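Subject: Structure handover

Hello,

Please find the structure below. My notes on it follow.

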Amino acid sequence: MSWQGVCGADEVALQFARASARGRLGGSFLFVGPQGVGKRVFAFMLAKTLLCQRLFHKEGDRMVCDAGLDPSASREELLERFRPCGECDSCKEFAFDVMAPELVLPQHPDFHYVCKPADKSALPLELLVGAKEERMQSGLCYALNQTSFLGGRRVAVIDDADYFNVEGANALLKTLEEPPKNTVIILIGTSATKQLPTIRSRCQMFRFQPLPDSAVADILLTQGKVGSPEEAEAVARHSGGSTTEAYRALNSDLSVFQHTLLTGLSAKHLAAVQLAGQVCEYVDKESKDAPVRRKRLQNVLKSAVAYFRALYCELDAKGSRGVIEPSAAALAPFVRRAIQNAQPTVEYALDSLERTLDALDQVDRNANLPYIVEAWLYDLAALHRGLV
Ligand SMILES: [Zn+2]
């Protein structure tokens, strides 16, 4: 049983629970550890906990933890009691599902989140202290100096802390050194060495470790990324304890096979028997379970559908160059290869597309998978022979 459903973070949660119970919670924290081990999910859950109005109340100008939390209580009791009630106004505002497949940012007026935009090489200064023309009148530091909306704490999470440049770090130093009252700031980075010394020295650091394989497998299953416990275990075994790596493996496994498939489909002669063998091998690779195998075959057929669509678009351009959608750019080399090798016609592309959509239908209807694959590729090969 892990704290609030966040794997591998019990020790860190315990330290926050004890510090809260003693009334000695600091203000600036740095979480470091490999990608995909739950730092961000933990930070969000911790934020929800620290913002909970039943767990903490204001006395004078400081936040006091619910009297039921005794710092000397047992580990189990502390972990059990240190949690958001789920019912107060703050908890209701902070809608967040630990196990959701895609992380959705919690919306809460006293919760702030900053990260590096994908097209930037560093954390932009304006996110921290406002744009040049309104320096210190917007941005994170400004927001944290305002009165809190719900009258309690404020929590800020600064993601991608590996990407502070000196200017950004300097802008934040004072806030980290002495956070505004009742404010908790959590920085998230991948390793201690990637943090600027000026930042590191002002934060209390917590290290997150790779997850056990079983935890990665559980997460993949709960999030519906895989079709069975066997597939989850197989993927988790090579993930190095990181969900990010596991997701990458799930995607790259298909893209490697896509290359084999499209090479086969765009060849001069479509070798149906050989390609059917390769498809079945891919489908059966992770597990003998029917739902897993079905899902894998569907992915194969969807790749083929996209390929025949792109081929059709290219051929149907009636003399002018066809436009391939950017999303189909990866297919372009195979489309060109097919045109060079076999001079396909518009009819061929359409018939093949239709035959592939039929096969997809059959998978949905739960038919025998190897039979679907063989019949599909034999028919494609027959259409292909009609060309040469
Ligand atoms: Zn609450």
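What distance separates the centres of domain 1 and domain 2, taken over C-alpha atoms? The centres are 47 Å apart. Domain 1 covers 3-209 and domain 2 covers 246-385, with bounds from an automatic or database domain assignment.

This is a predicted model, in which local features need pLDDT of at least 70 and side-chain atom pairs count only at pLDDT 80 or more, while totals for chains, interfaces and linings use all residues. Residues are numbered from 1 along each chain as its sequence is written.

Two helix pairs follow. Helices (H or I, at least four residues) are DSSP runs, numbered from the N terminus. Axes are lines fitted to C-alpha atoms over the stretch in contact, and angles run from 0 to 180 degrees between N-to-C directions.

Helix α12 (residues 272-284) and helix α13 (residues 290-315) cross at roughly 135°, and their axes come within 8 Å. That makes α12 oblique to α13 (angles under 35 degrees count as roughly parallel, over 145 as roughly antiparallel, 65 to 115 as roughly perpendicular and the rest as oblique). Val-279, Tyr-282, Val-283 and Asp-284 of α12 meet Arg-293, Arg-296, Leu-297 and Val-300 of α13; contact requires C-beta atoms, placed from the backbone, within 7 Å.

Helix α15 (residues 346-364) packs with helix α16 (residues 369-385) at about 175°, the axes being 10 Å apart. α15 is therefore roughly antiparallel to α16. Among the residues in this contact are Tyr-348 and Arg-355 of α15, and Trp-376 and Leu-383 of α16.

Regards

Notes:
Contact = placed C-beta atoms within 7 Å.
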